[in-house]
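Biologist: I would like a close look at a single part of this model. Please keep the answer connected and brisk.

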Amino acid sequence: MDLILCHTTADFDTLGAAVGLSRLHPGARIVLTGGAHPTVRDFLALHRDEFALIERRSVNPDHIRSLIVVDTQWRDRLGKAAEWLNLPHVEITAYDHHLDAEGDIPATQKRVEPVGAVTTLIVEQLMERESGEWGIEKGIEGREDREEEPGDRHAEQQMSIHSDAQAQNPAPNPVSPNALPSHSRTDAKLRVSPSTSHSPLPISYSLTSAEATVMALGIHVDTGSLTYDHATVRDAAALTWLMAQGASLQAIAEYVEPGLSPTMQDLLTVALDELQTETVHGYQVSWVLLSVEEYIPGLSNLASRLLSLTEADVLLLAARYAVGGGEERLTVIGRSHSRGEWRFDQSHEGIDLGELFEPFGGGGHPRAAALTTRGVDPEQTLAELLDQLRSQIPHPPVARELMSSPVRTIRPDTTIQEAQRILLRYGHSGLSVVDEEGGLVGIISRRDLDIALHHGFSHARVKGYMTTNLKTIAPETPLTEIESLMMTYDIGRLPVLDQGELVGIVTRTDVLRQLHREKAIGEQGAGKGKEERGGRREERGERSKHWRDYCVLPGVVRQVLRDRLAPTLWDVLMAAAKQAEERGWQLYLVGGAVRDLFLSNLSAFESGSDESSALFIPDIDLVVDGFHRAADQAAGVELARALQQQYPSVRLQVHGRFQTAALTWHNDPNLNSLWIDIATARTEFYPYPAANPEVEASSIRQDLYRRDFTINAMAIRLTAPRTGEVLDFFGGLLDLQEGYVRVLHANSFIEDPTRIYRAVRFAVRLGFQIDPQTEGYIRHAIASGVYHRIQSEMEKFPALQTRLKQELRYILEAPYWFQAIRLLDNLGAICCIHSDLQLTDRLWWQLRLVDRWLKQFDTTHQVEHWLTLLEVLLTNLTVGDRVKVAENLQLPSDSIQRLQNLDAIHQHLTAHLPECDRPSQIYQLLNSYDLPTLTLLAVIVPRPIRRQIWQYLTRLAFVKPPLNGNDLKALGYQPGRQFKPMLEALLAATLDGKVHDRSEAEKFLGDRFPLQS
């Protein structure tokens, strides 16, 4: 016997999933292990005969072959039926959608995925089977040599299981072919119109209207009709399919929103009168304790109705009643609005009613939970629940954490045209207007400026157009109040005043980002689904399917930081965070370290391993935000000096106009070689293409906005209270998930052309693709001719050359350089070095040849390989151009000289090497050149000469004469200038094979350089 077990007090989700599973496993019977929810009970009162239900007491445990548990992973949710889990040789499968519920059911297979309802998982399997059946039918149509049709096997299996079920229970099997209700059947609750007729699916998987309805109810109830935040696109797709299967919308509407009985209506009146409410961190909490004579079914409906009639964000409805023996029992129903979950804490580390009720013996979802207990003091238990609830409520963000700072201000006498130019430069949507003392007197928006310009008042003063009736907020104003002000007065920006001083501004964009940023990320993850646990795993395909288990909640990210980073590195970051907190600043880990941390954790998920090794990131970037509370802009330096007091061995460097600080450890016993840059949040503006950016102090948001690619524009907050909060305003996490390099701004490659090389470097290094729009921006920038203008006026663009040299070095010294060069060529970006440079077949061959030679002859890396590869590229230019490019790139003097003299050396060797008959002559001709020069020559000289250079590098260069200077003195020769020609002659004789050993060498010297008596 195959059984499908619903949890106690069965709701529509567990019943709907069980009904669907009875279709997937013909002959399986459904067991309600411990009663049902009142609405479910009402539904079953009319439709029980439609489903394969069996009473628990009718089951013979000796005949159980398999158990399928739905919507729970805990034994205690199965009542007495939990005893069956201990039966030997019984296969147990569990279906659930509670990801954090690592229960105690010993399932041999589990399927736990982040969907709104477990019924969705079953519907998806039915949809797959339906599609598979049609594919099989089409595939075998017209075939006469088939061995066995899947339909034959299904029929045989169904007959076998049906016979077994009949033996256990003489009642007709409701899922057997002969017992299936007709699709045209109607009754008072389920009316199926002719328009809902079904396609002729295989009989095993087609649904009756009752089956489709109960499954649709399961999804509707558990997802709030797709309004709860944990609802996914998969739930919506499942509902669509069930509607096509004939789900009754009339029945769904009736059971999703059931009416209240007269008793419940009376209790609702009492509850409204006795309801107590308080506000905690802007969160409205309500509760009521009712006294009833006995347990009344449907309290959950009462709680939902009460919540809908009040403005509470969370509600606890408690009912006390007596049971036999004078004992008192307490039932508590918890409900919360979805808006409460994401309004303050998108991390969902705030209110979780299921987690709240669990220690008291209850459970459920984050927004809906229940518990029933006895032998407790109702008032005390409710008070304890409320205390725990208050501790769960997160502190809402305040203006200080949301605002942009410093504020871009202008004076009232600033012209409209100048104000418009400032807006364009900084990308703002409005400007604050202050008087000579710095006091705020007004705000002017982009719309105000546009209207003034439209009417020709470009030279008018902003004081005639600015808004003076201002609403302002304080640094500690919570998000709820900010949101209320913006909605009430339709204000797009609120200045933040601290004791009359303008310290920041909160815009509508800041609020929307806070409200929806992490919620959107969570929905992306939930919509992807989850691999089966414990059983058959889905084949790993797209990168996004590997990322779906990853969580970016602040608490989780903080734990990832602590677990993944080397302990010594974690200690340094926490020390820095503590120093920042003491000064009232916020400290963020930014850029590549954040990217690499997430990628490292992604790799752990892809490998399916829970084991993680310590990650040491040698190059760390930290950004200080909140410097407006300091005496000056050198917040980074101040923080670095404080850290230097804790780590005396560290070296501190201060550089740049904005006093960026660098802390460096070299061969430290604990920190090895570590570089930490600490900067104040800043923004950049490029006055002209490829120029050095003009840098100004700013906020963390604008600091991230100035960066190049989305995967580099993320930050992790290190300071309390939200340590581990991820700032990702541009979808960097999603691009890491999908494997894309995407630029932040359309003009980014025109402002800084070297970003093309950075894009290629990241794409090749990470195995990513450059996203199509970014590639379009690259090609547009190249087609615009900006590089040709830059190259024609090199002296005006020194910044470009410095950045280009650095990027070329990063690329050419990496093991993936050849892939990067290919991609640069594909993008047409080789011309960034010089407009005449092209990656021809010959140049590609030259690069690969030089790479092989360097690996062969410079195993200890005495030569800078990247520089030699770059010189190979430049050799394809004329002498004048190659030298000019080398000088602009500020290559070393020996490199410039080599490029300048290369053609002359080439001509010299081409003329004389063919005349060399003896090895000693080849040696003498080539010995004066270093390895980089010979390597460059090898790619431009004819093959015979290249062979002679190869002969020199592989053999001749390593030949040594049998005797040295000490040997000459031992033979009686007087030290002096004659030693050099003697040893050179001896070396030549050895190279030419005339001298092989010491005795022959002594004889050679005796003949050529006889001792004088």
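At what angle do helix 1 and helix 5 pack, and how far apart are their axes?

Modeller: Keep in mind that this is a predicted model. Helix 1 covers residues 12–24, and helix 5 covers residues 209–223. The two pack at an angle of about 140°. Their axes are 7 Å apart. That angle makes helix 1 oblique to helix 5. The crossing of helix 1 past helix 5 is left-handed.

Now the residues that touch. Helix 1 contributes F12, D13, L15, G16, V19, G20 and R23. On the side of helix 5, the partners are E211, V214, M215, L217, G218, V221 and D222. Sorted by class, this contact holds seven nonpolar residues, three polar ones and four charged ones.

Five strands build it, in the order 2-1-3-4-5. The sheet is open, and its pairing is parallel. Strand 2 (29–32) and strand 5 (109–112) are the edge strands, each with pairing on one side only. Ignoring direction, neighbouring strands in this sheet are turned by 20° against each other on average.

Look next at the pair formed by strand 1 and strand 2. Strand 1 spans residues 2–6. Four bridges join strand 1 to strand 2, and the two run parallel. L3 sits opposite R29 of strand 2. C6 sits opposite L32 of strand 2.

R29 and V31 point one way from the strand. I30 and L32 point the other way. All four of these are buried, R29 included. Here buried means under 20% relative accessible area.

Helix 31 passes helix 36 in a right-handed crossing, whereas helix 1 passes helix 5 in a left-handed one. From helix 31, the contact takes in L849, V850, W853, L854 and F857. From helix 36 come L931, T935 and A938. By class, the contact of helix 31 with helix 36 has seven nonpolar residues, one polar and no charged. The contact of helix 1 with helix 5, by comparison, includes four charged residues.

Terms used. Residues numbered from 1 in each chain as written. Predicted model: local features only at pLDDT ≥ 70, side-chain atom pairs only at ≥ 80, totals over all residues. Heavy atoms only, no water. Axes fitted to C-alpha atoms, helices over the stretch in contact; angles between N-to-C directions. Parallel < 35°, antiparallel > 145°, perpendicular 65-115°, else oblique. Left-handed = near helix turned anticlockwise from the far one by under 90°. Contact = heavy atoms within 4.5 Å. Nonpolar A, V, L, I, M, F, W, Y, C, P; charged D, E, K, R; others polar. Pairing = 2+ DSSP bridges. Buried < 20%, exposed > 50% of the residue type's maximum accessible area, 1.4 Å probe, protein only.
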